[in-house]
Protein chains: 2
Amino acid sequence: MNAATDTRSRIIAAAKPRFHSRSYANVGIQEICDSAGVQKGSFYHFFPSKRDLVLAVIDEFADDWANGFVAEAFDPALPPMERIDYLVDAAYFWQKSIKQVHGRMLGCIFGNLTLEVSTQDDILRAKLLAIFSRAKSRFKATLEEAVTAGTIAALDADLTAEAMLAYLEGVILLAKSQNDPEVIYRLGPAIKTLRVEKAA
Amino acid sequence: MNAATDTRSRIIAAAKPRFHSRSYANVGIQEICDSAGVQKGSFYHFFPSKRDLVLAVIDEFADDWANGFVAEAFDPALPPMERIDYLVDAAYFWQKSIKQVHGRMLGCIFGNLTLEVSTQDDILRAKLLAIFSRAKSRFKATLEEAVTAGTIAALDADLTAEAMLAYLEGVILLAKSQNDPEVIYRLGPAIKTLRVEKAA
DNA sequence: GATCATCTTGACCGGACGGTCATCTACTAG
DNA sequence: CTAGTAGATGACCGTCCGGTCAAGATGATC
């Protein structure tokens, strides 16, 4: 790792928890630079704008998830519907551990950013939409596999997948409003009851 | 209406669409004052702080809903489960009309504010939590009535109500990420498939 | 007509914001 | 040894931020 990539990744590392725990508008470049031990001019050498930083932060969070819980949850060795349970559990344990350390339930950074910036910045909205789109695909493939395996009755896999993603985000939102990850524990499992029937 | 209350309500009227369409942090006091034709000193005569303004804005939005769509939807004359359909429809049509006028889907201001500020301001979080709590009660009473009427099988009304509220917020979030109210139209009706069984 | 509380005015505060820039350093390639 | 490039430095830009304040206007009460 040369000095250049190190500076860049230190900036991102400093930005991640801040954007996650507060909001896009509430975190300043100066604060990130101070925390990363980087000069502002150096920051703008790597990132043309604040938006480009948050874009990189979103990518890192997405990678963390894809290589972590998501990879574990969507393990082909698991029965399809158990993967969904696994993912909900992972969200619960993650939020719980964050709260233990941080004192707060921070929720899903993709959901947080979506509601904050998507009316003001179409580039950020498109980025977040792409993240959700990928998540939906995972759910969809899992549902299709479950139908094929006969675990569940036929349904509209595309819409049901989207509904499940919506539900998960909604549960995390409600949990955040109560600052209580147990909400995810209580409500999460009901995700499997969601059904959108195939159009006739 | 005397001059005092008029100034106060002009401030709130100017603030409402701004907080709804952007974010808490992104809307400044000065801008609101300019739009309302009020001096900043006058603003601070009525509101001790920006937070107090947004608290008043939340109350007005809650009243608008309570006296509008919510009153229509939770009409005792309607069969219980149809009330839930009505509410989802109302959310859809409302977001659709906002998009037609504004060009954007703005989503639910309570959800928007929750994800933006609830890690940073416990007073605002408590306020939003109270709003959600009231909404949940409406769902719960409706579900209990449906069970009593034999329309649906027995379930945990409290948790199912919370799950439905979560789902609605999640659907609106996803719709906002696509800037497309049709998402609510497609996914909304599945709200009735959500079930949390009574604990044994 | 005097008093008092309510409301209005507009200048002002310190500090934070995102972003720019000329200058300097360090490394690499020819 | 030279030239070029990537990166680091820190002062600087204009603007906006939430909030304050002393002074003035207004209108009701006694």
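1. Helices (H or I, at least four residues) and strands (E, at least two) are taken as DSSP runs and numbered from the N terminus. By that count, α9(A) is followed by Asn179(A), whose phi is positive, near 50 degrees.

2. On provenance: this is a predicted model, in which local features need pLDDT of at least 70, side-chain atom pairs count only at pLDDT 80 or more, and totals for chains, interfaces and linings use all residues. Residues are numbered from 1 along each chain as its sequence is written, while chains are lettered from A and ligands numbered from 1 in the order in which they are written.

3. Interface. Chain A gives 43 residues to the contact and chain B gives 43 residues. Contact here means C-beta atoms, placed from the backbone, within 7 Å. On the chain A side, α7 (109-117), α8 (122-148), α9 (157-177) and α10 (182-187) each supply at least two residues. The largest share, 14 residues, comes from α9(A). By class, the side of chain A that touches chain B has 19 nonpolar, 15 polar and 9 charged residues. Ala, Val, Leu, Ile, Met, Phe, Trp, Tyr, Cys and Pro count as nonpolar, Asp, Glu, Lys and Arg as charged, and the others, Gly among them, as polar.

4. Helix α9(A). Of its 21 residues, 20 are buried, meaning that 20 or more other C-beta atoms lie within 10 Å of the residue's own. At 1.5 Å a residue, α9(A) should span 30 Å, and its end C-alpha atoms are 30 Å apart, which agrees. The expected span is 1.5 Å times one less than the number of residues.

5. Core. The largest nonpolar core has 112 residues. Such a core joins buried Ala, Val, Leu, Ile, Met, Phe, Trp, Tyr and Cys residues through C-beta atoms within 7 Å. Those with the most contacts inside it are Met164(A), Tyr167(A), Val171(A), Tyr167(B) and Val171(B). Beyond its neighbours within four places in sequence, Tyr167(A) touches Ile191(A), Leu194(A), Ala166(B), Tyr167(B) and Gly170(B).

Notes: Two residues are in contact if their C-beta atoms, placed from the backbone, lie within 7 Å. A residue is buried if 20 or more other C-beta atoms lie within 10 Å of its own, exposed if 12 or fewer, and partly exposed in between; C-beta atoms are placed from the backbone.
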